[in-house]
Amino acid sequence: AVIDLQKKDYSSADQKLDQCIDIFEKVSRKNLPNIYTKKMLVYEALGDHEQVVKSYNKGFYYADKYKSDIYRYIMHVNMFRYYKNQNDSLEMRKYQSLAEDLKLDNNNAINDNALKLAKLEKELFIKKINKKDASIKDTQQYFIISALFAAIGFVVLYLLFIKNKKTRKA
């Protein structure tokens, strides 16, 4: 879903996030806010304010239910960013204040699962970049090999042409 979001394939990202929500509801409800933050990004890109707010509310519900300050903070920061992008300074300040109230100091324990999910997202992004690099290298290698064969072919044709010319003179 994250890769689809980066590719701006919002429909696919939304479907995959819905699948994630179905899985997380069965396996790990306390981490649902992480998925809802991604849903917020999808709906923001689509310009659907109502769905952004619904996703925020659902994500915040689970963050609050499982008393996860890190997710509460992330949900507020995402709404702050959303309203900043919408140039709504009143709402932006509201969510900035809520986020600041929850700022985590270094002594607070951070939800390990949230960090694992962020790490997985980063790894997926790095794999995507590495795949692109490998594809580019493969293309370059094919081009070099093709150019080499073409050059050899031209040399052989030139040599045959010269030999043919000498044979005709004799």
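Predicted model: local features only at pLDDT ≥ 70, side-chain atom pairs only at ≥ 80, totals over all residues.

Visitor: What is the volume of the largest pocket?

Guide: A probe the size of a water molecule, rolled over the atoms, shows where empty space is left. For the largest pocket, the volume comes to about 300 Å³.

Visitor: Which residues lie nearest the centre of the largest pocket?

Guide: The lining of the largest pocket has 15 residues. Elements giving two or more residues to that lining are α1 (2–6), α2 (10–27), α3 (32–46) and α7 (112–169). Nearest the centre lie A1, V2, C20, E121 and L124.

Visitor: What is the phi of K8, and is K8 buried or exposed?

Guide: Most residues other than glycine have a negative phi. K8 is not a glycine, yet its phi is positive, about 65°. K8 sits in the loop between α1 and α2. Exposed means over 50% relative accessible area, and K8 has 58%, so K8 is exposed.

Visitor: Where does N87 lie, and what is its relative accessibility?

Guide: N87 also is not a glycine, and its phi is positive, about 60°. The loop between α5 (69–85) and α6 (89–101) holds N87. N87 counts as exposed because its relative accessibility is 72%.

Key
Residues numbered from 1 in each chain as written. Heavy atoms only, no water. 1 Å grid on protein atoms, 1.4 Å probe; cavity = no way out; pocket = protein on both sides within 12 Å on 5 of 7 lines; lining within 4 Å. Points joined across faces, edges and corners; volume = space filled by probe spheres on them. Helix = DSSP H or I, 4+ residues; strand = E, 2+ residues; numbered from the N terminus. Buried < 20%, exposed > 50% of the residue type's maximum accessible area, 1.4 Å probe, protein only.
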